[in-house]
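Let's take a walk through this structure together, beginning with the way one chain folds and ending with the place where two chains meet.

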Amino acid sequence: MIKFRRLIWMPILAAAFAVLPISHGFTQSEDMNIGDEPGLVPDESVQLPPQFQRQMVLYRTTEPPGTIIVHTNERFLYLVQGNGRAIRYGVRVGREGFQWQGLLKITRKAEWPDWTPPPEMIKRQPYLPRFMAGGPGNPLGARAMYLGTTVYRIHGTNQPQTIGHAVSSGCFGMVNADIMDLYDRVPVGTKVVVKQRPSV
Amino acid sequence: MRNAALSFARTALACVAALGVTGAASAQTLKAVKDRGVLNCGVSTGLPGFSNPDDKGVWSGIDVDLCRAVAAAVFNDAGKVKYVPLNAEDRFKALQSGTIDVLSRNSTWTMSRESEFNVAFTGVNYYDGQGFMVRKALKKDSALDLDNSKVCVQSGTTTQLNLGDYFRTNNMKYQEMAFPDAAATLKAYDSGQCDVFTSDVSQLYAERLGLSAPNDHVILPDVISKEPLGPAVKQGDSQWLEIVKWAHFAMLNAEELGVTSKNVDEALKSTKPDVKRLVGTEGAYGEQIGLTKDWAARIIRLVGNYGESYERNVGTGSKLGIPRGLNHLWSEGGIQYAPPIR
């Protein structure tokens, strides 16, 4: 069933990206005009605003414990705990035109991942390096979890100030402390449900 | 038998007709509000996030937004509201006497309030309930983890009774530290006399701001009692009840359908049937309750959808920063649910 849903969903996603940018407004925070800053080493002592700090919240869902649910519109990622609760993390999400929704699974996990910006990203941002070794100045941060066979990941960041904003190319970014926390809680194969505001 | 059924049907019809006349005769509130040119809205004397005046006397809050929504639907102007601050004792009397048209004052919907005060609650715009605050350093993330703690609670309240029930039911021991007023209870907790502080969740978030180190405390996700807060109207004017009720439902449906104050004009061009019914480009749902076709579009444009109102007043856009929790839409992790517009 899951396989089938992915099969039908992926071409739709691909088509959407090829033909027209998906446009959606934001309620929370306006788009932050900030590019990737490879090489910048983040100040990890800076605390997130309270609402984006990791916390246990009430969350009712039919998805089983261990499932990740991302509410793009809210800039929150929920890790379902069962018994009506979830751990909530603040995330940064894709900027307008780079948001998406669907069901994927984590296919790979990596610590201090290397960064090879995909060709479509290089095309848009030619100034980006073609390759960057993993480390504190790497835009993927301390950990990365790869989603299906897409170019999307849940990863750390070297720009903690972007949490809560729509700035990425469709990836979900978290501060390094949070991505390390999440990384240790979820195995390869974890179901990731991404939701966005419905289009009118 | 057939004749009997027929005559019963005739009687029933006559009754319906009579009711119809009565209904029309009592449908006075909308007319009175329109003639007056302003909606009289009963609010609190000042509760941040719910109904609170700023230093210029401008009211804001999730309860204030409900009144703004009704004014938007009726006048196409969310500012045509006169706020009447009321204490807890006077609030329902003000509805009965007609001093206010709607009460939107963080009031819990209970059976006896409807029957004794002759009022009708129109919905639940904030699901509150009792919760717990603890020090972060204790590393607790569940109320079931609070065995053998010292709990600060205000005495003589339902909160105190719920606390006892909850611990007893879950076979947990606790030591109660009860204080006569809210301020003393909080102070005792802040000074370290207790491990746990209990009150309604919305209160916990507000009270945490007053602690000496707010960031050192967490509010547990558990909600152990039902405190459904909502607006109320006087019984007897079913049209007015519908208007206030559907103003709230319109905001919820708007969030569910992705219609916001920013994209409402785009929504007016939508081809989706449920969006069209909401914004009034299909059907005449507003007209059936004495409003215009675009009643909900007015609300969404001038006030926003429920999520926008929540985040602005009590959520991520406010000092309180209360997670949506129970007040998420039913499809997003909570229990906020509006019947469809069709």
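In this predicted model, residues 24 or more positions apart make up 70% of those contacts in chain B that have a separation of 6 or more. The secondary structure of chain B comprises 13 helices and 14 strands. With a radius of gyration of 23 Å, close to the 20 Å that the globule rule gives for 342 residues, chain B is therefore as compact as a globular protein of that length. Along the principal axes, its C-alpha atoms fill a box of roughly 70 × 55 × 35 Å. As for the interior, 47% of the 342 residues of chain B count as buried.

Now let's zoom in on a pair of helices. Two packed helices are described by the angle between their axes and the distance between the axes. In chain B, helix H9 (residues 238-257) packs against helix H13 (residues 306-313) at an angle of about 100°, and their axes are 6 Å apart. Angles of 65 to 115 degrees count as roughly perpendicular, so H9(B) and H13(B) belong to that class. On the H9(B) side, the contact is made by Met251(B), Leu252(B) and Glu255(B), while H13(B) brings Tyr306(B), Gly307(B) and Ser309(B). Sorted by class, these are three nonpolar, two polar and one charged residues.

Finally, have a look at where the chains meet. Here 19 residues of chain A are in contact with 28 residues of chain B. On the chain A side, strand S1 (55-58) and strand S4 (85-90) are the elements that each give two or more residues. S1(A) has the largest share, with four residues. The chain A side divides into seven nonpolar, eight polar and four charged residues.

Terms used. Residues numbered from 1 in each chain as written. Chains lettered and ligands numbered in written order. Predicted model: local features only at pLDDT ≥ 70, side-chain atom pairs only at ≥ 80, totals over all residues. Contact = placed C-beta atoms within 7 Å. Nonpolar A, V, L, I, M, F, W, Y, C, P; charged D, E, K, R; others polar. Rg over C-alpha atoms; globule rule 2.2 N^0.38 Å. Buried ≥ 20, exposed ≤ 12 C-beta atoms within 10 Å, placed from the backbone. Axes fitted to C-alpha atoms, helices over the stretch in contact; angles between N-to-C directions. Parallel < 35°, antiparallel > 145°, perpendicular 65-115°, else oblique.
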